[in-house]
Each structure stands twice: as structure tokens, then as C-alpha cells.
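Hello,

Here is the structure I promised to pass on. My notes follow below it.

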Amino acid sequence: MTRFVLKRTAGALLVLLLLSAAVYGLFYLAPGDPARLACGERCNPQQIAQVREQLGLNDPVLTQYGHFLQGLVAGRDYSAGTAVLHCDAPCLGFSYQNDQQVTEIILDRLPATFSLALGALVIWLVIGVGSGVLSALRRGGLTERALTVLTLAATGTPVFILGLLLLMAVCAYLQWLPFPTYVPFSDDPEQWAWNLLLPWVTLGFFESAKYARLTRSSTLETLAEDHIRTFRAYGVGERAVVVRHALRGAVPPVVALSAIDLGTMMGGAVLTESLFGIPGLGKTLIDGVRVVDLPVVVGVVLVIGAAVVVAGALADLLYAAADRRVALA
């Protein structure tokens, strides 16, 4: 198991290094002037030249990338007018348009995205796993058909359509809830939950479909194994067979997929954040692209990519912990 953990950790670090090189090359070495993009459209040639010097864009390519990695590991200095600002590691750059470090911008938006992803995770696990197990146990019956229709509806309904329908029905027509406005958890936990309820339901219901299908297939496969028939032959109760033995075989793939989806949601919930006005990483990325704030775009893309890589490695570790045969393979 230790060898498996070290192998997956080394692989994740290598992928993160390649990711940083790809992101840097895509944005800073692409055709165009990165200094002009970082400075903004209102900068004059003198200001653009100053930003180019501050970003080290006059240095050779390998030196530039080395400074970029140095900022991620040990931090670096940036000049803002007459002052010199030190950007602590992990330094993702300096937004000249916002006059703020990119790391500070991301850390300010990260709680909103994490709140959305975590609440949606709970909902899609409850709905997806619950309906998947129930569908497997009621195979061929009316319950399975109804759950299949519900799963198809969740799969075929775009997330922004579902979100708009919920806003119109719950907030405008029924007036059960006010239109969502993000409230930090530290300010008011109750309002934090009420204002995120509709985004949680929207994203959780959309994602629950694949968990229902995965859980159903895994549960049916486990129920068909020989040891399950042996337990039943010895008179073990059906509830004990399902809860203690059948679900044990269905849990590992669900856990692994949840870890990957949670990492993806750290930047992939752009539509949900934009629809409900949640100031998260996805909305920050869209805003950065709209005003062509290159350091913000690079920083957010790098964080999203790192979250996906780390989530993938974590999924492998969780899968191995749930099924030791994976680590021994």
C-alpha cells in the first residue's frame, strides 16, 4: 500500500509540473503581447514596457519559466508603481488591472466555490446512491421504471435550464425563497445555507444521474456474485446482505468518482455560479476572460487543473483503500 501511495503521489507531482508548463506556454508564449494583456487596454507604451520588465518577459524563455516556478514554490517580487510587493508562495502572479495578487483573489473566491461543490456533493450522493440501490433492489418493477425516467430527465436537462425553472417556480411564482444572494458562512450560517439551497439542488440533481446508473450497475453486479448467494442460502437477512455486503462492492467506484467530480466542480460549475451570481472561481474565470486579465486567467486555470489532478490522485487512493486489490495490482 505504501508503494502504491508513493507511486500515485509521484505521478501527480509530475502531472502538476507538466500542467504548469502547459499553462505557462499556452498563455505567456502564445502569439500576442502578454504585457499588454496583463496591463490592460488603457496602458500606454511606457506602462506596457514597465510591466514587461516587471514580469521578466525580456528574459529567455527558460528563465521566464524558472521565475514562474520560483513564484509557485518560494514566491517572488513584483513592482507596483514605486513600491515593491512580495508575493508569497504559491505566487500565481499579480493582477495589474485589480492591483491585487492573484492568490488573494483566488483565496477570496474559493470559499464560495467550495461551498457550492460540497453541498452539491451531498445532494448527488443522497439522490444518486439512494435511487441506484433502490432501482437495483426493485429491478423490473414500477419503482425501477419511475427512477429510470427520473434519471433520464436529470441527464437530459441542461443545468442552466433546471436552474432557471427553479428560480421561476420557487422564487418568482411560489415565493418560497428570495432570489439567491451569496452570504459567507462566517457572516450568517443560516442565510448561507438558504441562499445556496437552489444552486445545490440544481447542480446536485444534474450530477446525480450518473451516480444512480453507476450504483445500480455496481449493486446488481455484486448481488449476482457467489458469496451473496451463499449468504442468502445460510439464511442471512436481506437487509444485512444488501447493507453489509452488496453495498461494500458498490461503494469504491462511487467514492472514486465523487473525488474526481468534487475536484472538477472547483472550477467547472461556471454556469451554476453565473446563473445564481455566486462569486466563485468559475465566475472569476469568466470575468477575467471578459476583461482580458491574463494573470487572473492563468492563476484560475492552474488552480482548476491542479484541483482535478489532486482529485484524480485522491480518487485512486480512496479506491485502493476501499479495495486493496487495486493497490496490489
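**Aromatic pairs and cluster**

Tyr-24, Tyr-65 and Phe-68 come together as one aromatic cluster. Please keep in mind that this is a predicted model.

Across the whole structure, a search turns up six aromatic pairs. One of them joins Tyr-24 and Phe-68. The geometry is tilted, with 5.0 Å centre to centre and 45° between the planes. This pair links distant parts of the chain. Tyr-24 sits in helix H1 (residues 2–28) and Phe-68 in helix H4 (residues 61–73), 44 residues apart. Tyr-24 is buried, because its relative accessible area is 5%, under the 20% cut-off. Phe-68 also counts as buried, at 8% relative accessibility.

Trp-124 and Tyr-211 make another aromatic pair, and this one is stacked. Their centres are 5.7 Å apart, with 20° between the planes. Trp-124 belongs to helix H5 and Tyr-211 to helix H8 (residues 189–223), so the pair ties together parts that lie 87 residues apart in sequence.

**Nonpolar cores**

In soluble globular proteins, nonpolar side chains tend to be buried together. Here, the largest nonpolar core holds 32 residues. Which of its members touch the most others? They are Val-51 and Val-300.

H1, helix H2 (34–39), helix H3 (45–54), H4, H5, helix H12 (281–290) and helix H13 (294–322) each supply at least two residues. H13 gives the largest share, nine residues.

Take a look at Val-51 in the viewer. Leaving aside neighbours within four places in sequence, Val-51 is in contact with Ala-35, Ala-38, Cys-39 and Tyr-96. Another core, of 28 residues, lies apart from the largest one. Its members include Ile-123, Cys-171, Leu-196 and Ile-278.

**Surface**

There is a nonpolar patch on the surface too. It is formed by Phe-160, Ile-161, Leu-164, Leu-165, Met-168 and Leu-271. Together these residues have about 560 Å² of accessible area. Which helix gives the most to the patch? Helix H7 (residues 159–173) does, with five residues. Leu-164 lies in that helix. Leu-164 is partly exposed, because its relative accessible area is 39%, between the 20% and 50% cut-offs.

Phe-114 has a place in helix H5 (residues 102–137). Phe-114 is partly exposed, with a relative accessible area of 39%. The C-alpha atoms of Phe-114 and His-245 are separated by 33 Å, and the two residues are 131 apart along the chain.

Last, a loop residue. Ser-186 is found between H7 and H8. Ser-186 counts as exposed, because its relative accessibility is 68%, over the 50% cut-off. How far is Ser-186 from Cys-171? The two are 15 residues apart in sequence and 25 Å apart in space, C-alpha to C-alpha. Cys-171 is one of the members of the 28-residue core.

Best wishes

How values were computed
Residues are numbered from 1 along each chain as its sequence is written. This is a predicted model: local features need pLDDT of at least 70, side-chain atom pairs count only at pLDDT 80 or more; totals for chains, interfaces and linings use all residues. Side-chain values use heavy atoms; hydrogens and water are left out. Helices (H or I, at least four residues) and strands (E, at least two) are DSSP runs, numbered from the N terminus. Buried means under 20% relative accessible area, exposed over 50%, partly exposed in between (1.4 Å probe, protein chains only). Rings of Phe, Tyr and Trp (its six-membered ring) pair if their centres lie within 6.5 Å; planes under 30 degrees apart count as stacked, over 60 as edge-to-face and the rest as tilted. Patches are made of residues with over 30% relative accessible area and no salt bridge: like charges are joined within 9 Å, nonpolar side chains (Val, Leu, Ile, Met, Phe, Trp, Tyr) within 5 Å. Accessible areas come from the Shrake-Rupley method with a 1.4 Å probe; for residues, only the protein chains shown count as cover. A salt bridge is a side-chain nitrogen of Lys or Arg within 4 Å of a carboxyl oxygen of Asp or Glu. A nonpolar core is a set of buried Ala, Val, Leu, Ile, Met, Phe, Trp, Tyr and Cys residues joined through side-chain atoms within 4.5 Å. Contact means heavy atoms within 4.5 Å.
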